[in-house]
Amino acid sequence: MSTTDETDTSPAPVTGRLEAELERLLAVESFDPPAGFTRRHPVENDVAAAAADPVTFWADKARELLNWDRPFTTVLNDANPPFYKWFEDGELNLSANCLDRHVAAGRGDRVAFHWAGEEGERRVITYAGLLDETQRLANGLRSLGVGKGDVVGIFLPMIPQVAAAMLACARIGAVHNVVFGGFAPSAVRERMEVSDAKVLITVDGARRKGRTAPVKAAVDAEMGDLKSLERILVVEAVGAAGLGGERAPMTPGRDVWYEELVAAADPVCPPEPMPAEAPLFILYSSGSTAKPKGILHTTAGYLLGVTYTYRTVFDIDPATDIYWCSADVGWITGHSYIIYGPLSNGATSVMYEGAPDYPDFDAWWKLIDEYKVTVFYTAPTAIRSCMKWGAEYPDRHDLSSLRLLGSVGEPINPKAWLWYQQVIGGGRCPVVDTWWQTETGAIMISPVPGVTSTKPGSATKPLPGFSPALLTEQGQPLSEGVGVLVVTQPWPSMLRTLYKDDDRFVETYFSRFGPTTYLVGDAARLDADGYFWIIGRIDDVINVSGHRLSTAEVESAIVAHEAVAESAVVAQADEQTGQAIVAFVTLTGGRVGDDAMVAELRDHVAARIGKLARPKRIIWADDLPKTRSGKIMRRLLRDVAEGRALGDVTTLRDPAVMAALASKVAEAD
Ligand code: ATP
Ligand code: MG
């Protein structure tokens with residue numbers, strides 16, 4: 001069934017009717033692009049050009065969208081797969097593409113970031129202002145001995161200096177290694193050690209929900225004896241007052257205040273022309289499936305991927321849109337769609353330091369109203385939290401400025417998709433469910449808003465220039481059904497290797513199906529319309545009596561029950577059926593997990609998917625283990641379900657969650 005959404009123009013349903021309305025919409029399979037949405041960037045030509053010849057398509061886009069210091073003459077060097085090179089003999093500077101070209105075109109006064117602090121502070125950072133700070137910091141970094149190819153660690157909260165820090169590295173050809181501000185200093189140390197970082201840029205203290213944590217002192221305790229680390233640059237973000245009376249400790253000769261360095265630096269730093277394949281950054285993946293991998297991206301291909309997909313997927317008009325991505329810069333989403341994609345396109349973004357639930361559960365919606373945000377990009381985990389808190393919080397604010405909504409990070413349950421579309425988007429905004437990875441650098445599968453009909457829970461179709469495909473376990477192409485997701489052609493923004501570990505790079509991504517087929521690590525389903533449904537990691541496919549079920553589909557069915565807030569499903573070895581389904585379920589406030597509820601949920605899943613999909617075991621969980629980027633860590637749940645020792649837990653957000661679950665499971669057994 002396909003329908004033009006009848007609720008297009010009506011306001012978000014009031015909370016009382018919401019549950020019934022979502023229930024009704026769950027039966028709608030496909031939503032046509034909302035009638036009121038007008039696309040600004042046509043894609044028809046791109047689709048045709050990319051289908052005809054993807055390499056030429058990317059070459060044309062590289063000339064159209066980027067400013068080159070030295071034009072490239074070769075496009076793709078595929079002589080030594082999987083070590084591909086793009087635009088090899090070309091040269092450009094990434095910060096010049098993100099800043100100088102907009103300022104030179106007379107747009108220096110345009111806002112790059114509206115920065116909002118969690119205590120209500122506001123700052124406006126223009127393109128000209130960011131260029132000035134970037135040049136000064138670039139010179140400052142040089143004065144600390146940083147040169148081309150040197151690694152600079154960045155461990156900062158969501159403050160404007162983080163953008164300048166990344167861009168200053170790019171300006172002088174240094175390689176940045178950003179670590180999510182919420183990590184413990186020990187994780188930072190490991191990442192600095194492995195990458196031989198020469199300088200670390202950090203902060204005196206960080207604020208979170210009204211509290212201030214000393215960061216510099218903790219960094220000192222961990223990092224003091226790291227040999228490669230020569231200098232530490234410290235942003236004074238909270239000051240003596242924030243730290244209980246004294247400024248952060250500084251070691252003479254090693255530590256420098258950011259503000260002093262920038263103030264004293266020469267304001268002019270011409271951008272360094274960089275070879276297209278010069279390393280740009282190292283970024284560690286979130287660690288949902290294994291020990292985090294140090295993913296290496298290079299300059300021109302990465303910039304092209306994010307520049308093109310940003311304008312295509314978010315349909316941005318840099319002159320009028322106000323864009324906000326709620327991710328942290330410490331993840332690939334922050335790199336590609338807070339910093340490089342928006343700035344390269346000359347867009348205006350909101351950057352928010354705080355949490356969605358501080359000072360109250362409406363913090364985000366208040367900002368959308370205040371800044372008249374038009375395009376909002378967030379993650380399913382956040383949407384599920386907002387659902388839990390209730391529609392009354394968004395209902396307090398005028399969200400009518402929104403024209404487009406995006407999601408990234410995990411499969412989004414249809415119910416969460418619908419809640420987002422109805423309550424936040426008022427039924428009038430296209431929802432783009434964007435599938436991609438740290439490794440892909442840029443969005444690869446996503447609806448084109450205004451063009452692609454959407455099916456809640458499906459990331460829909462590949463964007464022009466990308467070639468994801470499904471294979472059987474044996475490597476045969478699949479045009480419909482469940483299979484292993486791969487990418488059959490190299491793409492400009494692909495990772496080039498795992499830092500200093502070419503062997504693990506080849507082993508992880510290019511051993512199963514050979515050196516020219518990129519193994520994604522996710523399983524997916526292709527439907528009869530050619531839509532991709534990401535169903536989780538390869539290991540997340542559950543085989544019950546020979547039937548292949550996806551964790552995402554079973555979870556979506558469970559979450560569709562009105563008593564359920566969140567669920568994670570894993571497989572457990574089973575003598576009878578090979579594998580059996582174990583469901584970890586968080587109920588909404590006030591609901592009790594008793595035998596009657598177990599029976600009800602099992603029936604509910606049977607009615608939606610089939611008896612085979614009924615969970616054999618249901619474990620009530622107050623909370624689910626998540627990575628610091630908010631993804632459910634199913635591998636740890638598998639360990640718990642099967643009574644094994646837990647695997648790598650270093651990127652777990654709250655270790656107490658696992659302890660609580662393990663003891664609960666032990667009790668029940
Ligand atoms: P690690 O590789 O260390 O386990 P990770 O895979 O969680 O960490 P990321 O690169 O941040 O680290 O996440 C990419 C993965 O997130 C994808 O492979 C996919 O499993 C999931 N994902 C991202 N976006 C979507 C989406 N729109 N729909 C479904 N899954 C998604
Ligand atoms: Mg991954």
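This is a predicted model: local features need pLDDT of at least 70, side-chain atom pairs count only at pLDDT 80 or more; totals for chains, interfaces and linings use all residues.
User: Where is the pLDDT below 50?
Analyst: Over residues 1-13. That stretch still has 33 contacts in the model, leaving out near neighbours in sequence.

User: What does the UniProt annotation cover?
Analyst: The unreviewed entry places "domain: Acetyl-coenzyme A synthetase N-terminal" on residues 46-98. In the model, that span is 45% helix and 11% strand. Its end C-alpha atoms lie 23 Å apart.

User: What makes a set of residues the largest nonpolar core here, and how many does it have?
Analyst: A core requires buried nonpolar residues joined through side-chain atoms within 4.5 Å. The largest such set has 140 residues. Phe314 and Tyr340 have the most contacts inside it. Helix α6, residues 161-172, gives the largest share, ten residues. Another core lies apart from it, with 36 residues, among them Leu22, Ile368, Leu399 and Leu418.

User: Which residues does Tyr340 touch?
Analyst: Beyond residues up to four places away in sequence, Tyr340 touches Leu94, Cys98, Met166, Leu167, Ala170, His176, Leu280, Tyr302, Val306 and His335. A contact here needs heavy atoms within 4.5 Å.

User: How do you know that the peptide bond from Pro81 to Pro82 is cis?
Analyst: From omega, which is near 5 degrees. Pro82 sits in the loop between β3 (76-77) and β4 (85-86). Tyr358 and Pro359 are also joined by a cis peptide bond, with omega about -5 degrees. Pro359 is in the loop between β19 (348-352) and α13 (363-371).

User: What makes the phi of Phe87 worth a remark?
Analyst: Phi is positive, about 55 degrees, although Phe87 is not a glycine. The residue lies in the loop between β4 and β5 (91-92).

User: Why is Phe87 called buried?
Analyst: Buried means under 20% relative accessible area. Phe87 has 0%, so it counts as buried.

User: What is the phi of Thr460, and where is this residue found?
Analyst: Phi of Thr460 is near 65 degrees, a positive value in a residue other than glycine. Thr460 is in the loop between β22 (431-433) and β23 (468-471). Its relative accessibility is 0%, so Thr460 is classed as buried.

User: Why are β24 and β28 called edge strands?
Analyst: The open sheet has five strands in the order β24-β23-β25-β27-β28, with antiparallel pairing. β24 (477-478) and β28 (532-537) each pair on one side only.

User: What makes β27 and β28 a pair?
Analyst: Pairing takes at least two bridges. Strand β27, residues 518-526, is joined to β28 by five, running antiparallel. Ala524 stands opposite Ile534 in β28.

User: Why is the contact of Lys209 with Asp357 called a salt bridge?
Analyst: The cut-off is 4 Å between side-chain nitrogen and carboxyl oxygen. The closest N and O atoms of Lys209 and Asp357 are 2.9 Å apart. Lys209 is in the loop between β11 (205-208) and β12 (211-214), and Asp357 in the loop between β19 and α13, so the pair ties together parts 148 residues apart in sequence. Lys209 counts as partly exposed, at 36% relative accessibility.

User: What makes the pair Arg384 and Glu566 a link between distant parts of the chain?
Analyst: The two residues are 182 residues apart: Arg384 in helix α14 (residues 380-389), Glu566 in strand β31 (residues 564-574). Their closest N and O atoms are 2.7 Å apart in a salt bridge. Both Arg384 and Glu566 are buried.

User: How many salt bridges does the structure hold?
Analyst: It holds 46. Arg39, Arg40, Asp315, Asp321 and Arg403 are linked in a network of them. Side chains of opposite charge can pair when their charged atoms come close.

Conventions:
Residues are numbered from 1 along each chain as its sequence is written. Chains are lettered from A and ligands numbered from 1 in the order in which they are written. Side-chain values use heavy atoms; hydrogens and water are left out. UniProt positions are given in the numbering used here, feature names are shortened, and annotations may be inferred rather than shown by experiment. Helices (H or I, at least four residues) and strands (E, at least two) are DSSP runs, numbered from the N terminus. pLDDT is the predictor's confidence in each residue, from 0 to 100. Buried means under 20% relative accessible area, exposed over 50%, partly exposed in between (1.4 Å probe, protein chains only).
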